[in-house]
2 protein chains.
Amino acid sequence: MDYSFSDKLANLRPSAIREIFKSLTDPSIISFAAGNPSPESFPTEALADIAADIFKTQPAAALQYSITEGYPPLREAIAARQKAKFGIGRDFDTTIVVSGGQQGIELACKAFCNEGDVVLCEEPSFIGALNAFRSNGAVPVGVRCDGEGIIPAALEDKLRTCENVKLLYIIPTFQNPSGITTPLSRRKEVYALCKKYGVMILEDNPYGELRFAGEDVPTIKSFDEDGLVIYCSSFSKILSAGMRVGYVTAPAEVVSKMVVAKQSEDVHTNIFFQMLCHKYMTEHDLDAHIAGIRALYGRKCTLMLDCLGSCLPAEVAFTHPEGGLFVWCTLPSGLDSADFAKLLVNRKVAVVPGATFLSDEGGISSSFRLNYSMPSDEEIVRGVEILGDCAREYIAAHRN
Amino acid sequence: MDYSFSDKLANLRPSAIREIFKSLTDPSIISFAAGNPSPESFPTEALADIAADIFKTQPAAALQYSITEGYPPLREAIAARQKAKFGIGRDFDTTIVVSGGQQGIELACKAFCNEGDVVLCEEPSFIGALNAFRSNGAVPVGVRCDGEGIIPAALEDKLRTCENVKLLYIIPTFQNPSGITTPLSRRKEVYALCKKYGVMILEDNPYGELRFAGEDVPTIKSFDEDGLVIYCSSFSKILSAGMRVGYVTAPAEVVSKMVVAKQSEDVHTNIFFQMLCHKYMTEHDLDAHIAGIRALYGRKCTLMLDCLGSCLPAEVAFTHPEGGLFVWCTLPSGLDSADFAKLLVNRKVAVVPGATFLSDEGGISSSFRLNYSMPSDEEIVRGVEILGDCAREYIAAHRN
């Protein structure tokens, strides 16, 4: 049988990260490639107790079909916490539960984009989002960034010259993969530009609560007076990634379209784990739990930065994140990190080459992404040693 | 803010069933409207024990990101059981886990359909599938059915005259909403026609294991020698609907495209419940459990048919299902069941009018769907009494 696939999927390849993740069943590989939270971040005992309680007291509701918008007490708890802690959510906004932040991104694209429409995004950006746009027939177009995120002049240039721009996708806090946090003044410029050109902002904030240094910066959603921002976040990095529970806060009119699309995708998100999240939020101290994760990641990040400082040749630059899960490294100009990553995986260390995160699938990048949340301390020390050795060899071999 | 939504979602309304479901928080309404399994069908104690065991022995794996294709031991268990019991799955096929059968349907459409492409389907058909096609910009086109399902001549007519037909969506066993089971000879005709015209078959079989009378009919997938059939089913009606765990068996090349699309939708299905399904399948007697559900639904269906027989006026026809969840009733020709359903809900009985299930959203139907799995015995008796009274009044009022 000769299959004739849709145009949008015919040429879409699986995410390199997911593919790397699959190869990580090889236990001899030290992986800095995944975006996984540390298993130490899962409050296993509390979740086990809550699960037992749900099976005892509400089994019929926890195992039965539920409503697409999500478990009402969870929606309320999320909305209340966001409002109180981060100033997110106005009268015109609604919060719904989705199957991971990923689904929020995908639904936003489906709600706004016809095939061929453009989604502007930071260059580089999160591969899962880029592929969500592509799998809906939308076209991701990268906007140039500097150390403070998207460059307003570059954004305005794209807004002015690209046809059919429907969304700006942005991860302003601890950006994936670059780790950059966009300062408030820049966020306000981005907002003003999108307002001027009538383009919705899709603000993705999966890492916002994982700050271990510096000061919080207000989300773009917190100053969204015009109903311009669709805000996505999730419990993946603070409770459990495998349960696939995320949430979206956006104007009710936008949410209603996303709900219709979600109905057609999975009817609703696993209701048992929605109830579990609600009980954890209301019967346990989520903030104290998150404080523990911040401390853990701060320590692990410092360890990785120390190792990078002592092992990497001086020609390799790397960021000093104040939160999130990633360090972004850059080889000397002209070197191809995809080629380097292949060498490295033969030495049993996995990283994600920067080209993975480009809007142009054929692009070349000299950068690569390292994750410090998942590997053990021993793996960080040993893996960065290997990384340093390989980088030295690779640079020497390509200097000639 | 004036939002400009995508063409595919701009006019798509929420599923009437989901909306009715939301209104069912009114406990004074007797609902025959949902498609919910009976809460008695959930093996709560066994699931609670398994969940406690997973939290104790494999918490890190059960709460962490996992692979898009699904938990490998579950995929193997499903594939082995399907092969052994139903002859489903050839060398070229692969089985993956999806977030409910709904996601399998949606992914199949995304993999094959560009905007404007046609999906043929039984008329009437499952609203969740119709909306999955619409939300991807595909156009569902109904094919005329008789008491044995899709009429081959009508199917060939559409295959010959419609442009860009990519899929035939079919629920050949205990069809939703009509309850019809297509006989083997008819299934073979359908298969041969789709093969002749090079159109994929999307076979949806959520109710196949719920037969309480008559003999099993082989699935279309079981005689798919050509790699033409994408087969979707789920645990929703045999373990838990709220956990959102379904599966797809299709040629590996097709599955690989669906996996790329799934990655972009929810990364993977809740892994904890995948592990739970696997343990239930391998450590408990799933077949014995299903036998219990069949007996329960057989009894409830008989009760409803007895009540319908004694309460409904003779002008109202109704089916005698051998399995599944639904009875399909038809008012005298010319009457509008949507109008009747409104009257009925004022009398505190909810049914789903047949127009909901038409490919033409503006269509009118004299039929309506009744569910017998969810209401209690008392609700069936009382609800059908009210239904009978209303039908008599409605017919009398419209005879004049």
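Axes are lines fitted to C-alpha atoms, for helices over the stretch in contact, and angles between N-to-C directions run from 0 to 180 degrees. Helices are DSSP runs (H or I, at least four residues), numbered from the N terminus. This is a predicted model, in which local features need pLDDT of at least 70, side-chain atom pairs count only at pLDDT 80 or more, and totals for chains, interfaces and linings use all residues. Residues are numbered from 1 along each chain as its sequence is written, and side-chain values use heavy atoms, without hydrogens and water.

**View 1. Helix α6 (residues 101-112) of chain A crosses helix α10 (residues 252-266) of chain B at roughly 105°.** Their axes come within 5 Å. α6(A) and α10(B) are therefore roughly perpendicular (65 to 115 degrees). The contact (heavy atoms within 4.5 Å) is made by A:Gln102, A:Gln103, A:Glu106 and A:Lys110 of α6(A) and B:Gln263, B:Ser264, B:Glu265 and B:Asp266 of α10(B).

**View 2. The side chains of B:Glu106 and A:Lys110 form a salt bridge.** The N to O distance is 2.7 Å. A salt bridge is a side-chain nitrogen of Lys or Arg within 4 Å of a carboxyl oxygen of Asp or Glu. Between chain B and chain A the count is two salt bridges.

**View 3. Chain A and chain B bury about 6,900 Å² between them.** Buried area is the accessible area (1.4 Å probe) that two parts lose on being put together, summed over both. Carbon and sulfur atoms carry 59% of it. B:Tyr3, B:Leu63 and B:Tyr65 supply 11% of the area that chain B buries against chain A, more than any other three residues. Chain B gives 81 residues to the contact and chain A gives 81 residues.

Key:
Chains lettered and ligands numbered in written order. Helix = DSSP H or I, 4+ residues; strand = E, 2+ residues; numbered from the N terminus. Parallel < 35°, antiparallel > 145°, perpendicular 65-115°, else oblique.
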